[in-house]
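This report walks through one structure, from a whole chain to single helices. Have the sequence and the model open as you read.

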Amino acid sequence: MIETLTLMKPELIITFIIFLLLFIKIGKGVKSETMLLLIQVLLLLNFITGFIFNSEGNLFDGMYQTTAMMALQKNILSLGIYLISLLFASWFKKSEHMLEFFILMLSALLGMFFLISSGNLLMFFLALELATIPVAAMANFDLDKKVSSEAAMKMILSSAFSSGILLFGISLIYGATGTISFTELPLYLDGSPLQILAFLFLFTAFAFKLSIVPFHLWTADVYEGSPIAVTSFLSVISKGAVTFIFISTLYKVFQPINEVWYNMIMILSIASMVIGNLFALRQQNIKRFIAFSSIAQVGFILVGISSNSAQGISSVVYFILIYIFSNLAAFGVASAISSQTGKENINDYKGLYQTNPFLSLVLVLALFSLAGIPPTAGFFGKLFLLTAGASKGSYLFITIAALNMIISLYYYLRIVRAVFMEKNEQPIEKIEIDLSAKFALTICAAGIVLIGLLSWTYDYIQSLS
Amino acid sequence: MPNVTYIALIPLLPLAAFLILGIFGRKYFKNTSGIIATALLLISTLLAVYTAYGYFFEYGKVDGIYQKLIPLKYTWLQFSEGVSIDMGIIIDPISVMMLVVVTFISLMVHIYSLGYMKGDDRFPTYYAFLGLFTFSMLGLIISSNIFQIYIFWELVGVSSFLLIGYYYDKPSAVAACKKAFIVTRFADVGFLIGILILSFYSNTLDFNKLIERLTTPESNELKNAVAASFLGISALTWGLVLVFIGGAGKSAMFPLHIWLPDAMEGPTPVSALIHAATMVVAGVFLVARLFPVFSISSPNALSLVGYVGAISALIAAVIACTQTDIKRVLAYSTMSQIGYMMFALGVSKYGGEDGLGYTASMFHLFTHAIFKALLFLGAGAVIHYIHSNEMKDMGGLRKYLPITHITFLIACLAISGVPPFAGFFSKEEILLAAYQNNKTIYWVALITSGLTSFYMFRLYFSIFWGRTRPSSFKRDCDEVKGEGGFVMMLPLVLLAFGAATAGFIPFGHFISSDRITLENKFHLMFSISPVALGLTGIIIAMWMYKKENNKPEKFAAMSSGLYKAAYHKFYIDEIYIFITQKIIFNLIARPTAWFDKNIVDGMINATGEGTKEISEKIKTFQSGKIQQYAICFLVGLISLALLFIYVWK
């Protein structure tokens, strides 16, 4: 019993918070400012407790497993959720249904925790659904906007489609090997065509969640239609969680057929980088822009995953950590601007520096980090991904990746140029930022600078992998 | 060795200036920021000179060899066993020499800018950027680790970007800074891949270990690096060539030079500091830093360096003869002179007398920094006075700007290689080294040296002699009153003194390829031909430009094809535009778009006909495209399945 408690500590804490929020919801209304503060404190506590009393082991006949690395991954997600609760504070306060929103978001997070810890395809499937369905409801949260409902509808339909294929894949795997346990599966995998087909079905489900080309089409509409808090949740937290489980299933479960998936990853990675970049070049809407550029970023993550080594794991986890800071900072700034002025076009950002120096600096730092310009952390993240990928020896692949870094540099700099250098007769007026959002943006900016410079962060991740 | 950790202060003081002025400058030091930055840099300069004195005369030499000392090292990131990124300081002859050059030139520019940038709205920002640049450049010089040098390399790029785009309300400046950043970044990718290759084979990022492992013929690392090959060229050569591409980007070598002329959009003192004396020689410095590896283990890569340098030197000199914007003439001249330094390294060998090219290259780097900074600052004084960069607006200025005139003349004589000015000595050594090792390069260099004195004196006579100024300018100029005061003239005079005397330094005593003292030999007979050629160039320039006449036009008409090609910089920019816009956009982007529009969409539409019926009915609550997404998903899945089950097993 005690063992169950300690091993499942992260999930239990999240469940506890969900129930707490439910009870508060039933009771008499509390002022939304107080409520939000309470939630922020709870999430901070959740993040802090993620560091202590971690143990390793299995539960329920291996259905649930946890290691120090998984605890770290979960905690990275907790940090992301905490930052989201701070960043979009003004949006939350305006919403009548803030509590429901957090209940949904935490349910999705719970799903992700189980996803990371799953030791069995059944568990994996359930957790993936739990991590997806609440997000579709969240996407619908701008209740008076039609695009928001459209985004939710599109998300739920395409997710259902991908889940169907995933389930088909799982049943094929069971048919071909007679097991769905992660520990037993590798023993039965020999690369027969049926197994490859089944694996592909699974693989596409991952690719769908990570918006890898050509399974990415839902991304742009959903990202653009959803409220910005949900967009950032989808592009940062969901992606992080799925990446974590993706890499561990590939490395542990599907290790016997690593030659097959190496080639798949290479093809899809190149496609994602190239197409993500080409589309991002054309975007004028900042949310759509970040969405497409995040497709290209996933292409880079795949480069790291392709290495099939301990360095692959550590570089990917490190990159996700940096990606959370950089992308949340960019979204935070975009949200602050769009919620007060309604402007989302890149041309509106011209001359932003004159009126909003703090927001501009954070945005530029975030974009530099996303583009991978030293000495921001994003540079080290990308560098480690590339080095990890290079250890496999496919230099053509690495060269294409490096060239894509340059293309992406162009469009990230386009925004930097608009913010700092271009003149605008009517720049966006001075924006009042919520104190907690300012705090979160500062944390993000500090993270972007420091994670690269403090080498122990990478050393620590490496020691776990 | 005494405790020399104070060397860390040399780069840290400009960093402090950057931080202080960057954060508090606009609020608290609106007017005093220039003084603060200059004072901090003065301390740095004194420390650098003190370091140089101590190193060269007291503790640097052990048994006749200058040592590579590492007074500070901090392991920053243990990448894997053996490979670590360190932050360290390396002290050897070239880094000490560069410390003095960079701090001194930067100090001159700081002082000069006190006058030149006076009254500018963003005065503190300007000095903050200068501080950032100086810090990054000094950090680059003392890097003990190839990765550390890369980080500072990028920082230098960023600060150069900021300074070129300093006049951010000028669209041309914004375009120029973007161009510079993207071109050099492109080259930097080569550098990064080069670093990865070199470190992969040598299993270290530390310069000393890397050089040692890749130059010892018995070492396994060298054997592996030479044995592995790609497209018939060894991995070692690939690594070095890629590193050189990075250097060529920063040093504006052909064909990556296109950013340098445009970079002249920055304030003139910045051009003097960054785009003439310091940053652009970073590529030369990088090759010099890895010189033993180039020279001992991969002579092919080194001869590439030589030829690229020679081609750049010649092309830039021809283009410089036709430009009419004085800063652009100087920019091309810089590219040409850096070409000299590059091919001097390219023709050099390792050790002893054969290493003359190495010494000569570093010597020229040293003297060039002085006289080119002087030329730019002089040009700055002219521009400050006349408010124009164009030669046609100038003429007869010697009466109005006497000090500028004399110092500019000294610099012109120095760059033309007229004895006894500084350029003469360093250029002689370069030519001698080229003569001994590679006759082709020698002839190219000789022609270039004639062209150099022609275009420099074309510039000189057009600015200071020739017709008197049109009266319309007189009104404008008289408002400025003279030459900009003491702060602008002091650097000119100091630099002119350097340009006149620096050649007498026995450079071989301090810097040589194997760090053993090399005696300077002077060949009187040998220097006759270049000097004669140089004087001829000067005389032709005098004949054509000293008095107002139509000889230049006639000459241009006579050689119209070449003149036009050179005037348009041999259409290299157009070629780049052609490649990016016509080839990449038309041949890649258009077909992709067409494919996307017609094939992909068409296919989806065709397969979607069936689903369309159903979708019509539920169209009220969705946009009607989601089924296309699903089809795309399925098509992707099926093609992957076909590919991996049937084709790519």
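Two residues are in contact if their C-beta atoms, placed from the backbone, lie within 7 Å. Among contacts in chain B between residues at least 6 apart in sequence, 78% join residues at least 24 apart.

The model is predicted: local features need pLDDT of at least 70, side-chain atom pairs count only at pLDDT 80 or more, and totals for chains, interfaces and linings use all residues. Residues are numbered from 1 along each chain as its sequence is written, while chains are lettered from A and ligands numbered from 1 in the order in which they are written.

Chain B holds 26 helices and six strands. These are DSSP runs numbered from the N terminus: helices are H or I with at least four residues, strands E with at least two. Of the 649 residues in chain B, 54% are buried. A residue is buried if 20 or more other C-beta atoms lie within 10 Å of its own, exposed if 12 or fewer, and partly exposed in between.

The largest nonpolar core has 397 residues. Such a core is a set of buried Ala, Val, Leu, Ile, Met, Phe, Trp, Tyr and Cys residues joined through C-beta atoms within 7 Å. Which members touch the most others? They are A329(A), A373(B), L374(B), A411(B), A445(B) and A499(B). Helix α16 of chain B, residues 356-386, gives the most to this core, with 20 residues. Domain 1 (5-567) and domain 2 (573-647) of chain B each supply at least three residues. Those bounds come from an automatic or database domain assignment.

Take L374(B). Beyond residues up to four places away in sequence, L374(B) touches T407(B), A411(B), L492(B), L495(B), A496(B) and A499(B).

S95(B) sits in helix α3 of chain B, residues 93-116. S95(B) is buried, because 24 other C-beta atoms lie within 10 Å. Leaving aside neighbours within four places in sequence, S95(B) contacts I90(B), I141(B) and I142(B). R289(B) is 194 residues away along the chain, yet the C-alpha atoms of S95(B) and R289(B) are 8.9 Å apart.

## Where the chains touch

The contact takes 32 residues from chain B and 36 from chain A. On the side of chain B, β3 (69-80), α5 (146-164), α6 (171-202) and α26 (626-647) give two or more residues. α26(B) gives the most, with eleven. By class, this side has 23 nonpolar, five polar and four charged residues. Ala, Val, Leu, Ile, Met, Phe, Trp, Tyr, Cys and Pro count as nonpolar, Asp, Glu, Lys and Arg as charged, and the others, Gly among them, as polar.

## Helices of chain A

The expected span of a helix is 1.5 Å times one less than its number of residues.

| Helix | Length | End-to-end C-alpha distance | Expected span |
|---|---|---|---|
| α2(A) | 18 residues | 26 Å | 26 Å |
| α14(A) | 20 residues | 28 Å | 28 Å |

In α2(A), P10(A), I14(A) and I17(A) are buried. They fall within an arc of 60° seen down the axis, so they line one face of the helix. The arc is that of the directions from the helix axis to the C-beta atoms. Turned away from the buried side are the exposed residues F16(A), F19(A), F23(A) and I26(A).

In α3(A), the buried residues are L36(A), I39(A), L42(A), L43(A) and N46(A). Their arc is only 125°, which puts them on the same side of α3(A). The opposite face carries exposed E33(A), T34(A), V41(A) and I48(A).

α14(A) is mostly covered, with 20 of its 20 residues buried.
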